[in-house]
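Please read the points below alongside the model. They concern side-chain packing and selected local contacts.

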Amino acid sequence: MQGEARLLIDGKLVESSSGATFDNINPATEEVLGSTADATRDDMDAAIAAARRAFDTTDWSTNGGLRKRCLQQLQTALEEERELIREELVAEVGTPVLMTYGPQLDAPLSDGLLWPMAQIDTFEWERQLPNGDAFGMNSWRRVVKEPIGVVGAITPWNYPFEIIINKLGQALATGNTVVLKPAPDTPWNATRIGRLIAERTDIPPGVVNVVTSADHLLGEQLVEDPRVDVISFTGSTATGRRIMEHGAPTLKRLFLELGGKSANIVLDDADFTAALAMAWAGVCTHAGQGCAMQTRLLLPRSRYDEGLEIVKTGFESVTYGDPTDANNFMGPLISAKQRERVLGYIKKGVDEGARLVLGGNRPGQFDKGFFVEPTLFADVDNSMTIAQEEIFGPVGVVIAYEDDDDAVRIANDSPYGLSGAVTSASEERALSVARRIRSGTMSVNGGVWYGAESPFGGYKASGLGRQNGIEGFEQYLETKAIAGPLA
Ligand code: NAD
């Protein structure tokens with residue numbers, strides 16, 4: 001398997017100007033899948049210049065009809081290569097193939113481009129204000145929405161296609177141009193999109209540029225360049241902070257989708273079997289490499305032992321291993337570095353006095369691949385490191401609470417605020433708890449908020465702004481108020 005190795009710069013598929021490449025590793029087998037262009041700072045500079053020129057000198061930003069046609073062409077091209085993308089995602093991400101029928105591929109492919117494309121016709125691009133008479137001048141007044149300009153899109157490796165499609169759909173539908181810098185661990189889904197844009201669409205040269213590199217600091221070049229108007233970033237909170245610092249001199253507009261440590265609260269009147277038998281899925285799916293995973297399980301002390309037993313039985317049932325096997329919910333972690341990081345957190349949990357109920361090791365049955373066992377800690381205090389920090393591995397912690405107020409307090413006692421869940425026999429009671437949790441999304445009694453029309457993002461250290469929904473769409477727009485004299 002050799003994916004698209006070339007960059008897309010100013011409408012052309014090109015090698016790195018240095019000729020250098022870097023390896024793409026299959027995390028389940030540790031085999032080198034092939035290579036990808038390792039762009040230089042000069043390549044990034046050319047991509048930024050192309051995106052700037054395309055925004056400033058073509059009609060892309062004002063021609064909604066062209067944008068709709070191009071997005072539809074890209075959609076068609078992606079659908080035609082759907083099965084190749086599926087195979088490639090499993091190989092380079094290590095995602096269980098099962099996930100590609102949902103959030104890794106089919107879900108974003110169903111609406112990530114099409115929903116923002118539909119807004120081109122329905123969005124209120126202009127609105128009239130009542131006439132004004134400020135300072136004695138009778139004026140008509142109008143509010144106009146315009147694209148911001150050049151978007152620097154920086155993306156992670158865990159759900160790479162999903163995140164890229166949701167960024168591209170909104171940034172392009174709103175009339176911006178884009179320089180995309182994908183994560184070096186999973187470059188081929190991005191370079192494939194670049195090739196399809198070049199070969200299968202009328203998207204003008206420079207409107208989308210795809211720049212892959214083993215060097216994370218090419219992302220920083222995007223952040224610091226004054227020709228880039230906005231950074232749309234998904235990744236870790238640590239990198240988000242650094243982007244804020246490095247974006248400050250150019251007052252960069254920032255949209256940051258960062259980490260999470262979400263709570264799954266089961267209230268004492270809930271049907272515990274229904275609520276907890278699948279609790280493992282919110283922790284272990286895709287080896288826990290999801291920002292909105294529900295990694296803190298909050299159980300009422302009055303039913304703690306009963307709940308823990310159900311959770312443990314669920315964790316014991318998790319099938320994991322070869323990601324190409326549709327029976328597996330968990331594949332490997334993305335890299336040896338991530339595996340060591342996760343194992344380090346597990347050791348810290350034991351050292352700080354949490355009770356290891358299950359897992360905690362590299363599984364003995366695989367001699368290759370970056371696997372970690374489904375791992376469950378009980379008797380966790382919310383102040384422990386494993387309850388406060390994002391582990392990004394298949395590690396769940398169970399925490400006891402006294403009453404609903406205590407559950408809300410513990411859930412909110414986190415630097416993060418991305419997502420969460422609450423279950424109760426009474427929807428009203430669950431909803432009243434959900435309203436008190438300081439996070440950007442909440443599931444009540446198993447409801448699913450996900451979709452291109454649904455804003456997703458975080459409170460607190462989980463980020464700034466929203467991906468998707470009208471709220472996300474508007475983030476790629478500037479607002480201008482215009483007035484003129486009344487006749
Ligand atoms: P990361 O922050 O290490 O890297 C993300 C991207 O940023 C990569 O493309 C990387 O090359 C780039 N980058 C790294 N340093 C940079 C710098 N100084 N300036 C500019 N760009 C830089 O994150 P990751 O390890 O790839 O992904 C895992 C993290 O992403 C987790 O914390 C997870 O919670 C988060 N995440 C959040 C969401 C969300 O929507 N909130 C979704 C997926 C992942």
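Predicted model: local features only at pLDDT ≥ 70, side-chain atom pairs only at ≥ 80, totals over all residues.

1. Residues are numbered from 1 along each chain as its sequence is written, and side-chain values use heavy atoms, with hydrogens and water left out.

2. The largest nonpolar core has 59 residues, and those with the most contacts inside it are Ile265, Leu276, Val380 and Val422. Such a core is a set of buried Ala, Val, Leu, Ile, Met, Phe, Trp, Tyr and Cys residues joined through side-chain atoms within 4.5 Å; buried means under 20% relative accessible area, exposed over 50% and partly exposed in between, with a 1.4 Å probe and protein chains only. Strand β16 (residues 395-401) gives this core its largest share, six residues. Strands (E, at least two residues) and helices (H or I, at least four) are DSSP runs numbered from the N terminus. A second, separate core of 44 residues includes Leu71, Leu74, Val151 and Ala171.

3. Beyond its neighbours within four places in sequence, Leu276 is in contact with Val266, Leu299, Gly307, Ile310 and Val311, where contact means heavy atoms within 4.5 Å.

4. Helix α8 (residues 188-200) has 13 residues and spans 17 Å from first to last C-alpha, close to the expected 18 Å, which is 1.5 Å times one less than the number of residues. Ten of the 13 residues of α8 are buried, among them Trp188, Arg192 and Arg195.

5. The whole structure holds nine aromatic pairs. Rings of Phe, Tyr and Trp (its six-membered ring) pair if their centres lie within 6.5 Å; planes under 30 degrees apart are stacked, over 60 edge-to-face and the rest tilted. Phe123 and Trp125 pair edge-to-face, at 5.0 Å centre to centre and 80 degrees between the planes. Together with Phe473, Phe123 and Trp125 form one aromatic cluster. Phe123 counts as buried because its relative accessibility is 10%.

6. The charged end of Arg142 sits over the ring of Trp140, 4.7 Å from its centre; the criterion is NZ of Lys or CZ of Arg within 6 Å of the ring centre and within 35 degrees of the ring normal. Arg303 lies over the face of Phe272, at 3.7 Å from the ring centre.

7. Arg409 lies in helix α16 (residues 404-412) and counts as partly exposed, because its relative accessibility is 48%. The C-alpha atoms of Arg409 and Ile437 are separated by 8.6 Å, although the two are 28 residues apart along the chain.
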